[in-house]
Amino acid sequence: MDDTTLVESSPQKPQDKENRADTVPTTKVTQSFLVPTNLGLPIKKDITKEYSIGKKQVKKIEEKKLIKHLNIQCEKYDLKILYKEKTELQKEITQLKTGIHILQNYEKELKVKELITKWRDVCQAGMSYMYNSAAIKIDRMGGFEEFRRKELENEKRRLEYQMDDSLQLEVDSILESEEFNNLTIDDQEEYKTQMNEKLEEMEKMKNSKLEALEAEMESSRNQTFTMQELAKRLKVDYKFIFLEETDID
Amino acid sequence: MNDLKLEIESLKNHCDSLQLEYNELSKKYNINEDPKQLANLRIKLLKQYNELRDTGLKLVQLIAQERNLSIKEIFQEMDISMHD
């Protein structure tokens, strides 16, 4: 055995004890690492830190997303405005082209104006002829008041005959029908009540129409036959035909 | 987006040149209406023409029936052409 061997195998010297003392803290750390209470604090700290970092990162990502979204929205908005502008310009171009086309063929427009005058003259002449013709006939009948009275009388008679006749026929056909006779007495009574109600309604309607005709007859007194009256009867627009030329343009 | 901007620019130029052309022509015929008003006026005139022609023909037909004549004969009497 050499010295070296002795030193290596000899029991530990106080110096070794010192060295051992140096190792103590290592052992302590190891021990403290194993103790859960010591273990908790640093880990908790790390989680809070990481959580804080994570939160910041998430915030940054969200901000980035928001900015991206806003940029897209802005771009969309700009595009919308541009497309609107484009559409308006296209519309304006179409209108201008139409206007230019009309002006390039303006003789046609003048021709239409001439034709309007021509046909208005035809209408006015036609109305004059028809008015004179009708006025002569009305005079022969005793004047417009008499003509109107006869007309309204005829209308009254037509109304009375038409309403009474049509309803009576309907009631008769129901009462004589086989289906009606096959019904029970109660059902027949119910039907009769319904028909009576209908008859009353018709009577009321007829009376109101007759009253209206009476009122019209009253108001037609002292009335004269006019061109407006003729236009109404011919279903033509009086104002349109007899409009002044200056009002048309 | 840039293509669209270029397209709009080109449309604006086209619009300006058409406006110039329209202004020159409207000056020539002493027209104060803008293109839209002019187009509306044209439609209004055509509508008036059609309505008056229809009414005129209807009245002439009534006269012809009353006098046992043809529409053509009535127009001849009035010394008016029935073809436009």
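## Residues 1-28 of chain B

In this predicted model, the end C-alpha atoms of residues 1-28 of chain B lie 41 Å apart. The span is 96% helix and 0% strand. Helices here are DSSP runs (H or I, at least four residues), strands are runs of E (at least two), and both are numbered from the N terminus. An unreviewed UniProt entry lists residues 1-28 of chain B as "coiled-coil region". Such annotations may be inferred rather than shown by experiment.

## Confidence and conventions

Chain B averages a pLDDT of 94, and 100% of its residues score at least 70. pLDDT is the predictor's confidence in each residue, from 0 to 100. The model has an ipTM of 0.90 and a pTM of 0.66.

Residues are numbered from 1 along each chain as its sequence is written, while chains are lettered from A and ligands numbered from 1 in the order in which they are written. Local features need pLDDT of at least 70, side-chain atom pairs count only at pLDDT 80 or more, and totals for chains, interfaces and linings use all residues.

## Where chain B meets chain A

On chain B, 39 residues are in contact with 39 residues of chain A. Contact means C-beta atoms, placed from the backbone, within 7 Å. Helix H1 (2-28) and helix H2 (35-67) of chain B each give two or more residues to this side. H2(B) gives the most, with 19 residues.

Leaving aside neighbours within four places in sequence, A:Met127 is in contact with A:Met227, A:Leu230, A:Ile241 and B:Leu59.

How values were computed: Two residues are in contact if their C-beta atoms, placed from the backbone, lie within 7 Å.
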